[in-house]
Amino acid sequence: MDSGPYFFSAVILGFSHTIFSPDHYVPFIALAKANRWSFPKSFLLIVVCGTAHVFSSVLIGWWGLKFLVSLQDLQFIDSFREAILAWALICFGLLYVLRGMKRTWQGRRRSVSSNPVPPAGFLQGFLISIALLGPCEPLIPLMGFSQQLPPFSFAGIVAVFGLTTVFTMLGIVLTTLTVFRWNIVKIRIRDTSSHALAGGAVVLCGLAVCFLAQ
């Protein structure tokens, strides 16, 4: 059986599902910009989160294939994960907005160091958590259609989907951060306001996930 169309589908689905899922890049851009994370740090975090994101869906898909769980039931699990993801983004974003607004207000009165932002480890843990929660909607059906192929081809298709997803995330996030860093697009944001704006972006991302899930 020719596996070429399956590999092509894996690339198209990996790219398109990343582009149309703002949770794959908006939180990374917002938090990296607000906290001035370096490119190497952002790169490594995206690779870790993208890998965790794909791996969690691979485990669910493998479990479904092994125990003959219906596609409808697996899609229900994915929709439940998506709902949790959306509310996690909204709640975290609102808290981050409030903290950022407090930081902005205190920054007008005295040094902002009196109200530090959450530690980097906490923020990175949050990003890894939402990566694990976020479903790869097309991956499980792709695994179902590809299970008739030889094991090597099946594993290759899953790997291609995962690599496409991670590289698309890297491309979007790092390109956007480069635009900000090189001032290609002139956007003036006060340092004391950047965290409130980052939280607002995460809230909007959560609302977008809710809307797209409908």
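## Basis of the model

Residues are numbered from 1 along each chain as its sequence is written, and side-chain values use heavy atoms, with hydrogens and water left out. Because the model is predicted, local features need pLDDT of at least 70 and side-chain atom pairs count only at pLDDT 80 or more, whereas totals for chains, interfaces and linings use all residues.

## Overall fold

The protein chain holds eight helices and zero strands, where helices (H or I, at least four residues) and strands (E, at least two) are DSSP runs numbered from the N terminus. Read along the sequence, the pattern is α-α-α-α-α-α-α-α. Of the 214 residues, 45% count as buried, a class that means under 20% relative accessible area, with exposed meaning over 50% and partly exposed in between (1.4 Å probe, protein chains only).

## Helix α3 and its surroundings

The axes of α3 (residues 39-66) and α6 (residues 139-146) come within 9 Å and cross at roughly 45°, which makes α3 oblique to α6. Axes here are lines fitted to C-alpha atoms, for helices over the stretch in contact, with angles running from 0 to 180 degrees between N-to-C directions; angles under 35 degrees count as roughly parallel, over 145 as roughly antiparallel, 65 to 115 as roughly perpendicular and the rest as oblique.

W62, found in α3, counts as partly exposed because its relative accessibility is 49%. Together with W63 and F67, W62 forms a nonpolar surface patch with about 370 Å² of accessible area, an area that comes from the Shrake-Rupley method with a 1.4 Å probe, only the protein chains shown counting as cover for residues. Patches are made of residues with over 30% relative accessible area and no salt bridge, like charges being joined within 9 Å and nonpolar side chains (Val, Leu, Ile, Met, Phe, Trp, Tyr) within 5 Å.

R36 is exposed, with a relative accessible area of 62%.

D78 is buried at 6% relative accessible area, and R81 is buried at 9%.

Terms used
Salt bridge = Lys/Arg side-chain N within 4 Å of Asp/Glu carboxyl O.
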